[in-house]
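Please walk me through this structure in the viewer. Tell me what to select at each stop and what is there.

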Amino acid sequence: MIAQALKVTVPVFFGYISIGIPFGLLIVNAGYPWWLSPLMGVAMFTGAGQFFAVALFSTGTVLSVIVLAEFLLSIRHIFYGLSLIDRYKNYIRRRPYLMYSITDETFALVTTVEVPAGVDAGKFYNLVSFLDQSYWVIGCLIGAAAYKVLEVYNLTQYLAGVDFALTALFVVLAVEQILTRKDVLGPAVGALICGFTVWLFKAGRFDSSGIIWVSICFGLAMLFLLRGKSYYRNSKNERGEMVPSEKKEEVSKGGIALAAVSMAVFVVLFLVFSKPHNLLADGVERLSLGQALAAVFVSGLVVLATRVLPFAIFAKKNPPLCIRFIEKYAPPLIMMVLLVYCFKDVDFTSTATCAPYFICVAVSGVLHLIFRNSMASIIGNTVLFMVLTRLLG
């Protein structure tokens, strides 16, 4: 089982190591001790949240603003939890850690990869989650401990492009979701909504902390308009009781009209009212080590709360139909949202910068459609991306 879990999590290893090392470098460069880096990896375990926390620590941001920022960055975990209730419901002893360790990448793996035959699913999910967190903590530790060495010898340049492994992973998992469910509506809606919010972000009208959770919220609302009525009808048995939907959901004309109107309203409202929300304080004094430690543990509790909340509410009772709808439609939609989100920092005005992304994403998708070999698609295209960025850069 260990070998199988290692094989599944190899892409996450490359991605987490390549991102964790820069985080370790960043925290030490901000003036904090090296051990704070792996501690944050354990107490918070949220990549975006940890990077953002360093920026907040460095500017002396008050604790209340830090808590708000971490909540906004982690609110998407609520939807991950709603999608995993049924999958994790039978693993009572393992569930505390499974809830604690929910991240974008771990969610993507456990909702897509099949559990090997003869392997206990609970143990497998637990091991995948543990390995993913181990990779992240190791990356944070290496970056912090090797700060001086990497800085003196300029070795960080060789890490450039390795983090594309995570983008390639989302490509493969998005393709798997489409092939398994034989339904492109969820991924299409996810790509459309997230693409729009990424455009708003790049236009300076939207904060990056809201891209994922806003895309998921509005994407699920769109899917409910398009498929909700049909799903509700198909989920009733002859006695009128709710049962899991097994029939193919259909998109009604009324649903299309409502979704189109909602999309138009969404676009207008965001174009008119959206502005970047700056959560950074105006102060220049960084937080003391004691203040930073307090912020780390409080932030960790906030992140954990977003992951635990769905299980605390629905795990011990039969989830309502709306939750089952989310369980069914959220994974493929979220997978596409995470994939499109990877393009938020790509400079589309520079061919040398954006061409490798589009080429390697396309090649990853095509290769996986043809060969269905995740390792070849992910590792091969990560290497291709690193080569192209150096050739075109």
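The tour below goes from overall confidence to single residues.

**Confidence**

Colour by pLDDT first. This is a predicted model. The mean pLDDT of the protein is 84, and 88% of its residues reach 70 or more.

**Helix α14**

Select residues 289-314, which form helix α14. Its 26 residues reach 39 Å from first C-alpha to last, close to the 38 Å expected at 1.5 Å a residue. Centre on Val308: α14 bends there by about 40°. Pro310 follows within four residues.

Next, show the side chains on the buried side of the list. Among the buried residues of α14 are Ala292, Val296, Gly300, Val303, Arg307 and Phe314. What do the buried residues of α14 pack against? Display α2 (36-43), α3 (47-58), α4 (63-74), α5 (76-88), α6 (95-100) and α15 (321-341) to see the partners.

**The loop between α2 and α3**

Go to Phe45, in the loop between α2 and α3. Check its backbone: phi is near 50°, a positive value in a residue other than glycine. Is Phe45 buried or exposed? Its relative accessible area is 2%, under the 20% cut-off, so Phe45 counts as buried.

**The largest nonpolar core**

Select Met40, Phe57, Ile216 and Ile334. Of the 112 residues in the largest nonpolar core, these four touch the most other members. Helix α15 gives the most to this core, with 14 residues. Zoom in on Ile334. Leaving aside neighbours within four places in sequence, Ile334 is in contact with Phe79, Tyr80, Phe107 and Ile216.

**Helix α16 and Ser364**

Move to helix α16, residues 351-371, and select Ser364. Ser364 has a relative accessible area of 0%, so this serine is buried. Which residues does Ser364 touch, not counting those up to four places away in sequence? Show Phe164, Ala168, Val171, Ser377 and Asn381.

**Cysteines**

Cys360 is buried, with a relative accessible area of 0%. Cys217, at 32% relative accessibility, counts as partly exposed. How many disulfides does a search of the whole structure find? The search finds zero.

Definitions and conventions: Residues numbered from 1 in each chain as written. Predicted model: local features only at pLDDT ≥ 70, side-chain atom pairs only at ≥ 80, totals over all residues. Heavy atoms only, no water. Helix = DSSP H or I, 4+ residues; strand = E, 2+ residues; numbered from the N terminus. Expected span 1.5 Å × (residues − 1). Bend = angle between axes of the 7 residues up to and from the residue. Buried < 20%, exposed > 50% of the residue type's maximum accessible area, 1.4 Å probe, protein only. Contact = heavy atoms within 4.5 Å. pLDDT = per-residue confidence, 0-100. Disulfide = S-S within 2.5 Å. Core = buried A, V, L, I, M, F, W, Y, C linked by side-chain atoms within 4.5 Å.
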